[in-house]
Amino acid sequence: MASCSTFTQLFLPNSPTPSFSKPRFKHIKATTTTSSLPLSDPLVLRIAETLEDSLTTTPLPSSSSLQKLRDTSSNSVLSLSWPSKKDEAFRFTDTSFIKTSQIKPVSTPSVKLPTDLAHTIFPKLVIIDGYIAGSERINELGSGVFVGSVNEIDCEVIKQRVFEFVSEFQDGDLFWSLNGIGTPDVSVVYVPKECRVEIPLHLMFYSSESEDVGSNVLPVSNPRVLVIVEEGGEIGIIEEYFGGDGKGCYWANSALEMFIGEGGKVTHSYIQRQGPNAAHTKWTVVRQETSSTYKLVEISTGGKLSRHNLHVQQVGGETITELSALHLCLHEQTQDLHSRLVLDHPRGTSQQLHKCIVAHSSGQAVFDGNIKVNRFAQQTNAGQMTRTLLLEPRATVNLKPNLQIIADDVKCSHGAAISDLGKELKDQLFYFLARGINAETCKKALIFSFGAEVIARLPDKSLRENTERH
C-alpha cells in the first residue's frame with residue numbers, strides 16, 4: 001500500500017504530507033494522471049470528506065494510534081468504489097438505501113442515557129454515536145484491566161500494544177475504511193497477561209440521532225472498539241446495539257478489532273436490535289494465537305439493512321473457534337452475514353452454525369461463509385452448517401457456504417438446508433396435534449425452538465432471558 005506521502009505527491013503536487021487536521025479529500029480529483037492507478041469514486045470521496053469535516057469542526061484529542069488509523073483509512077479509501085451487485089461480495093446485498101441518501105455525520109451526541117441503557121447487571125461502557133458517554137463498575141473487572149478511550153491511556157505498555165494492533169487488518173471493504181476516517185474515538189479493552197476476568201463487560205452502543213422516513217437524510221455514526229487480550233487472559237464481551245425511537249432512519253457503521261494472545265479466551269455475544277428503518281454495517285476482525293479460544297454468539301433482528309463482515313484468522317496451532325448466529329427477518333429487511341475463517345496451523349478446531357428465520361414476504365437473508373484450511377493446517381477439524389426457515393411464500397434466502405481445503409489430513413464438513421414450516425416440521429406438528437395441542441401453538445413453539453438452539457449458547461442466563469423476551 002502506498003504511503004500517505006505518496007498519495008500527496010500524486011494528487012496534491014508540491015504539498016506537504018497531510019495530517020488529520022488538514023483536508024485530505026477536498027482537492028482530490030476523480031481522475032489521475034497515472035494510468036496504473038484506479039479511478040477514485042466521487043461519491044466515496046464526498047462521503048469521506050463529509051466525515052473528515054465533521055471531526056475537523058469539533059476537534060478532539062488525537063493519540064498517535066488514532067492518527068495512524070485515520071492515515072491508513074484515508075489512503076485505502078482512495079482506491080475503493082461504492083459496492084454494487086456487480087461485486088461478488090455484494091451480489092445479493094442492495095446498499096442503495098445508503099447510497100441514495102444524503103449522508104450526514106451525527107452532530108453533538110446526546111449526553112443523556114436512554115432508559116433502556118440505564119440498567120445492566122454487568123460492568124458497562126456506553127457509547128453513543130461513537131463517543132464514550134459513560135461507564136459503570138469498570139473497576140470490578142480486575143487489576144490491570146483498562147476500559148476506556150484510546151486518548152485516556154496513561155500506561156506506555158498499553159499505548160504501545162494499541163499502536164501495534166490498531167488498523168493492522170488490511171482486507172477490509174469500503175465501510176471498514178469509512179469507519180476509520182469517521183470514528184471520533186477508539187474504545188479500548190485491554191486484559192493483561194494471565195488476568196481472568198470473572199464477569200462480562202457490556203458494551204452498549206446507541207444511535208441517538210435519526211431522521212424521518214422519506215427525508216433522504218441519513219445520520220451516520222462510526223463507533224470503533226479494539227480488544228487486546230494478552231497471553232492467558234480471559235474475558236467475556238457483550239456487544240449490544242440499539243437506536244432511537246425505533247421509527248427514524250440512521251446508519252451505524254461499526255468496527256471491532258480483537259487480538260487474543262496465546263492461551264487466551266474470549267466469549268463474545270453480539271446482539272443487534274436496531275430500528276426497522278436503520279442501516280447497520282459491522283466489521284468484526286479477530287486474530288487468534290496458539291491455543292487460544294474465541295466463541296461468538298450473534299443474534300441479529302434489527303435494521304432495514306444489516307450487514308456483518310466477520311473475519312477470523314488462526315495464527316497459531318491448537319486454536320479453537322466457535323461461531324453461532326441467528327438472524328430474524330420480521331419485516332422488509334435484509335440480514336446479511338459474510339464470514340471468513342482462515343486456518344494456517346496444525347490441529348485447529350472450528351465450528352460454525354448459522355440459522356435464519358425469514359417471516360416476511362419481502363424479507364431477505366444472506367449467508368456467505370468461507371472456511372479456508374491452508375496447507376500447514378494439518379489435523380484440522382472444521383465444520384459449517386447453515387439452516388434457514390422461510391415462513392412466507394416470497395421470502396428469500398441466498399446461501400453460499402464455502403469450504404476450501406488445501407491440507408490433506410483434515411476432518412471437515414459443511415451443509416446447507418432451506419425449508420418452509422410444513423416441510424421442515426411436518427413430523428413434529430403431527431406429534432403435537434396428536435396430543436391435543438392446536439396448530440397455531442405448535443407452530444409458535446417449533447419456530448421458537450428453531451432459533452433457541454443459538455440463543456441457548458449465550459453464556460449468561462440473564463442475557464438469554466432478555467433475548468428470548470425480545
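A crossing of two helices is called right-handed if the near helix is turned clockwise from the far one by less than a right angle, and left-handed if it is turned anticlockwise. In this predicted model, α2 passes α6 in a right-handed crossing, whereas the crossing of α3 and α6 is left-handed. The points below describe these two pairings.

**Helix α2 with helix α6**

- Helix α2 covers residues 42-56 and helix α6 covers residues 174-182; their axes come within 9 Å and cross at roughly 25 degrees.
- Because angles under 35 degrees count as roughly parallel, α2 is described as roughly parallel to α6.
- On the α2 side, the contact involves Val44, Ile47, Ala48, Leu51, Glu52 and Leu55.
- These residues meet Leu174, Leu178, Ile181 and Gly182 of α6.
- The residues of this contact between α2 and α6 comprise 8 nonpolar, 1 polar and 1 charged.

**Helix α3 with helix α6**

- Helix α3 spans residues 64-77, and its axis and that of α6 come within 8 Å, crossing at roughly 140 degrees.
- The two helices α3 and α6 are therefore oblique to each other.
- From α3, the contact is made by Leu69, Arg70, Ser73, Ser74, Ser76 and Val77.
- From α6, the residues taking part are Leu174, Ser177, Leu178, Gly180 and Ile181.
- The contact of α3 with α6 divides into 5 nonpolar, 5 polar and 1 charged residues.

**Residues of α6 in both contacts**

- Leu174, Leu178 and Ile181 of α6 meet residues of α2, and Leu174, Leu178 and Ile181 also take part in the contact with α3.

Note on methods:
Residues are numbered from 1 along each chain as its sequence is written. This is a predicted model: local features need pLDDT of at least 70, side-chain atom pairs count only at pLDDT 80 or more; totals for chains, interfaces and linings use all residues. Side-chain values use heavy atoms; hydrogens and water are left out. Axes are lines fitted to C-alpha atoms, for helices over the stretch in contact, and angles run from 0 to 180 degrees between N-to-C directions. Helices (H or I, at least four residues) and strands (E, at least two) are DSSP runs, numbered from the N terminus. Angles under 35 degrees count as roughly parallel, over 145 as roughly antiparallel, 65 to 115 as roughly perpendicular and the rest as oblique. Contact means heavy atoms within 4.5 Å. Ala, Val, Leu, Ile, Met, Phe, Trp, Tyr, Cys and Pro count as nonpolar, Asp, Glu, Lys and Arg as charged, and the others, Gly among them, as polar.
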